[in-house]
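Hi there,

Here is the structure I promised to pass on to you. Have a look at it first, and my notes on what turned up follow below.

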Amino acid sequence: MKFFIAGIMQGSKVAASLHAQNYRDELVRAIQKRFPDAEIYDPLEKNQNSLTYDFKNGRDVFLNHNRMCGEEIDVLVAYAPEASMGTAIEMWEAWKNDARVLTISPMTANWVVKFLSDAQFDDLDAFYEALESGAVSKLLQERPPRRRKRSYENPDSY
């Protein structure tokens, strides 16, 4: 199974700076513990200096990550303690291509979170608890990724 760690990086920051990114290593460790054979892609791990990329390189990385979410992954784990445009796009690409979207966010009224998530967790602790209890495994067994595009006319088509 292929996981993609999506999550807030720049958020609404005006300056070229990042929100704290320590959640990424924690998520990778927790997912590996429950799914030891999983392949986990963390976009920041591969792009530590992304804020200094020139336009072409930055755009290529951005578009490639969105392509990956649409074509290569089975499960997207989205960490959005606040709004993140990049995370929303990654969630959209994963959802419309029928990967499972597990969202960690308190923004339950936000339409991206509400309508694109297969499961929503209020915070990291709730997600870790669901991993440890087997609830995430159960969800993925009940609704395995199918890599088939959903249609606008029938968004629940599986």
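Which strands does helix α7 (residues 135-142) lie across, and at about what angle does α7 run to β4? Helix α7 lies across β1, β3, β4 and β5, and its angle to β4 is about 155 degrees. Please keep in mind that this is a predicted model.

Read from the N terminus, its elements follow the order β-α-β-α-α-β-α-β-α-β-α-α. Of the 158 residues, 44% count as buried. Among the contacts with a separation of 6 or more, 62% are between residues 24 or more positions apart.

The sheet

The five strands make an open sheet, ordered β2-β1-β3-β4-β5, with parallel pairing. At its edges stand β2 (39-41) and β5 (119-121); each has a single partner strand, so one side of each has no neighbour in the sheet. From one strand to the next, the twist averages 20 degrees.

The α1 and α6 pair

Helix α1 (residues 22-34) has a helical partner too: its axis and that of helix α6 (residues 124-133) come within 9 Å and cross at roughly 15 degrees. Angles under 35 degrees count as roughly parallel, and α1 and α6 are therefore roughly parallel to each other. Their crossing is left-handed.

On the α1 side, the contact is made by Tyr23, Glu26, Leu27, Ala30, Ile31 and Arg34. On the α6 side, the residues are Leu124, Phe127, Tyr128, Leu131, Glu132 and Ser133. By residue type, this contact of α1 with α6 divides into eight nonpolar, one polar and three charged.

Happy browsing, and do write back with any thoughts!

Best wishes

Notes: Residues numbered from 1 in each chain as written. Predicted model: local features only at pLDDT ≥ 70, side-chain atom pairs only at ≥ 80, totals over all residues. Heavy atoms only, no water. Axes fitted to C-alpha atoms, helices over the stretch in contact; angles between N-to-C directions. Helix = DSSP H or I, 4+ residues; strand = E, 2+ residues; numbered from the N terminus. Parallel < 35°, antiparallel > 145°, perpendicular 65-115°, else oblique. Left-handed = near helix turned anticlockwise from the far one by under 90°. Contact = heavy atoms within 4.5 Å. Nonpolar A, V, L, I, M, F, W, Y, C, P; charged D, E, K, R; others polar. Pairing = 2+ DSSP bridges. Buried < 20%, exposed > 50% of the residue type's maximum accessible area, 1.4 Å probe, protein only.
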